[in-house]
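Q: I'm new to this one. Can you put it up and walk me through how the helices pack?

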Amino acid sequence: MSPSADQPVKKIQAIRGMNDLLPDASPRWQFLEARVRDLMARYGFAEIRTPIVEQTALFARSIGEVTDIVEKEMYTFDDRNGDSLTLRPEGTASCVRAAMQHGLLHNQTQRLWYQGPMFRHERPQKGRYRQFHQVGVETYGLDGPDIDAEVILLSARLWQELGLAEHVTLELNSLGSAEARAAYRDTLTAYFEQHGEVLDDDSRRRLTTNPLRILDSKNPEMAEVIAGAPQLIDHLDEASREHFERLKALLEAAGIGYVVNPRLVRGLDYYSRTVFEWTTDALGSQGTICAGGRYDGLVEQLGGKPTPAVGFAMGIERLVLLLETLDLVPAEALGGCDAYLVPMDDASTPEALALAESLRTALPGLNLTLHCGGGSFKSRMKKADKSGAPLAILLGEDERADQAVTLKFLRDDREQQRVAQSGLADTLASLTEHPRHNT
Ligand code: HAM
């Protein structure tokens with residue numbers, strides 16, 4: 001039905017919890033992404049890109065059937081063939097799937113990283129979205145605490161280089177081996193059963209499905225019972241205890257401070273031994289900016305050969321929020337326009353286009369906007385001003401006759417200046433401090 005005058009067209013909005021990244025904000029993301037990309041190369045990590053959609057079974061089997069993510073948060077649908085597909089809620093499972101499928105785990109080690117959107121149907125709030133973005137690293141085939149320390153050091157360097165080091169805390173725990181965890185699970189179940197009367201419905205359900213998650217509960221009425229619960233760290237198997245001690249010693253030797261948090265259990269089932277989170281107080285309740293750990297059993301669980309693995313993922317929205325909150329994005333990273341080239345009349349357009357191209361060739365670092373769309377001289381100058389550029393390059397009939405341009409300084413009182421077109425690239429190079437391309 002076509003809309004009628006009394007039935008205005010309802011505008012379609014983005015899906016709740018899924019954000020547009022608008023042009024004003026994108027330089028901050030690009031700044032962070034560029035720093036991350038550079039860091040990954042410096043640590044010898046190679047990028048992997050996997051599809052956003054996977055078979056539902058991949059996530060159910062790896063993250064765990066009784067986790068919040070799989071039980072309540074996945075965007076799952078049947079495609080036209082009737083196959084159950086899911087928008088990836090995280091990157092680790094996809095990374096393992098891809099590495100196994102392409103033989104990347106066969107007699108070799110891997111250090112991989114990825115970035116991209118993830119999807120979870122959570123209740124949106126500041127720092128928590130339904131489409132969010134992660135940068136993750138995953139390593140395969142290395143079982144010592146040295147690689148645990150190496151990935152933690154990589155993240156610590158990023159905080160250092162972004163100016164965040166003072167604002168984040170590393171929380172560390174060990175979940176032990178699968179066997180030690182199973183034994184601990186029984187101890188914990190017995191303990192919580194003794195305190196059945198204080199457990200809420202969620203926790204009572206978890207008693208049979210995943211009692212470790214009861215430790216994660218934020219219910220204040222259960223705080224005391226949780227505080228008194230036996231701790232996994234006291235029930236570690238010998239090998240895991242030694243791994244944990246060596247990791248702590250490596251971090252200390254590297255000057256990385258940490259807090260052991262025996263309550264840190266993580267919301268995904270695939271972890272064993274080391275788990276960690278980087279948290280901040282500056283973001284309110286969604287203060288975990290990066291989290292991960294070791295998942296030595298996952299490859300085998302998904303049908304591969306036993307392969308030790310450790311990795312983490314950080315939330316890009318949270319990091320950008322933190323950088324904004326602390327005002328840590330350097331002004332030059334915000335980019336912007338160096339110069340706005342104005343053909344003063346339509347007859348000057350062809351020459352302006354050619355001049356713009358020759359400047360872009362001569363000065364590859366220059367951000368130059370060419371005025372398009374005509375208009376009066378006044379409106380052209382308004383656009384020049386709005387571009388934020390400090391400099392307008394004017395080209396009109398007079399200038400063309402002289403093979404020159406007029407430079408107008410938009411942000412200070414300097415006299416305008418006529419410059420020959422042949423010398424313009426040099427003049428701009430010195431005014432904007434962008435080096436010339438040496439041809
Ligand atoms: P995760 O703890 O579920 O772990 O997520 C990692 C990070 O992603 C969180 O610390 C947070 O910064 C960000 N994040 C998670 N959910 C949201 C959301 N709804 N909105 C905004 N940011 C969010 C994982 O995903 C594991 N795959 C990490 C890993 C990699 N472990 C080993 N390798």
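A: Start with α2 and α4. Helices here are DSSP runs of H or I with at least four residues, strands are E runs of at least two, and both are numbered from the N terminus.

Q: What is the angle between α2 and α4, roughly?
A: Helix α2 (residues 56-63) and helix α4 (residues 92-101) cross at roughly 110 degrees, and their axes come within 9 Å. Axes are lines fitted to C-alpha atoms, for helices over the stretch in contact, and angles run from 0 to 180 degrees between N-to-C directions.

Q: Which residues of α2 and α4 make the contact?
A: L58, F59 and S62 of α2 meet A93, S94 and R97 of α4. Contact means heavy atoms within 4.5 Å. By class, that is three nonpolar, two polar and one charged. Ala, Val, Leu, Ile, Met, Phe, Trp, Tyr, Cys and Pro count as nonpolar, Asp, Glu, Lys and Arg as charged, and the others, Gly among them, as polar.

Q: Where does this model come from, and what should I keep in mind?
A: It is a predicted model: local features need pLDDT of at least 70, side-chain atom pairs count only at pLDDT 80 or more, and totals for chains, interfaces and linings use all residues. Residues are numbered from 1 along each chain as its sequence is written, and side-chain values use heavy atoms, with hydrogens and water left out.

Q: On to α1. How do α1 and α5 cross?
A: Helix α1 (residues 26-42) and helix α5 (residues 145-162) cross at roughly 140 degrees, with axes that come within 11 Å. That makes the pair oblique.

Q: Which residues of α1 and α5 meet?
A: On α1, F31, L32, R35, V36, L39, M40 and R42; on α5, L154, R157, L158, E161 and L162. Eight are nonpolar, none polar and four charged.

Q: At what angle do α1 and α11 pack?
A: About 110 degrees for α1 and helix α11 (residues 316-325), with the axes 10 Å apart. R28, W29, F31 and L32 in α1 meet I316, E317, L319, V320, L323 and E324 in α11. That contact has seven nonpolar, no polar and three charged residues.

Q: New topic. How many aromatic pairs are there?
A: Six. Rings of Phe, Tyr and Trp (its six-membered ring) pair if their centres lie within 6.5 Å; planes under 30 degrees apart are stacked, over 60 edge-to-face and the rest tilted. One of the pairs is Y140 with Y295, edge-to-face at 6.2 Å centre to centre and 80 degrees between the planes.

Terms used. Parallel < 35°, antiparallel > 145°, perpendicular 65-115°, else oblique.
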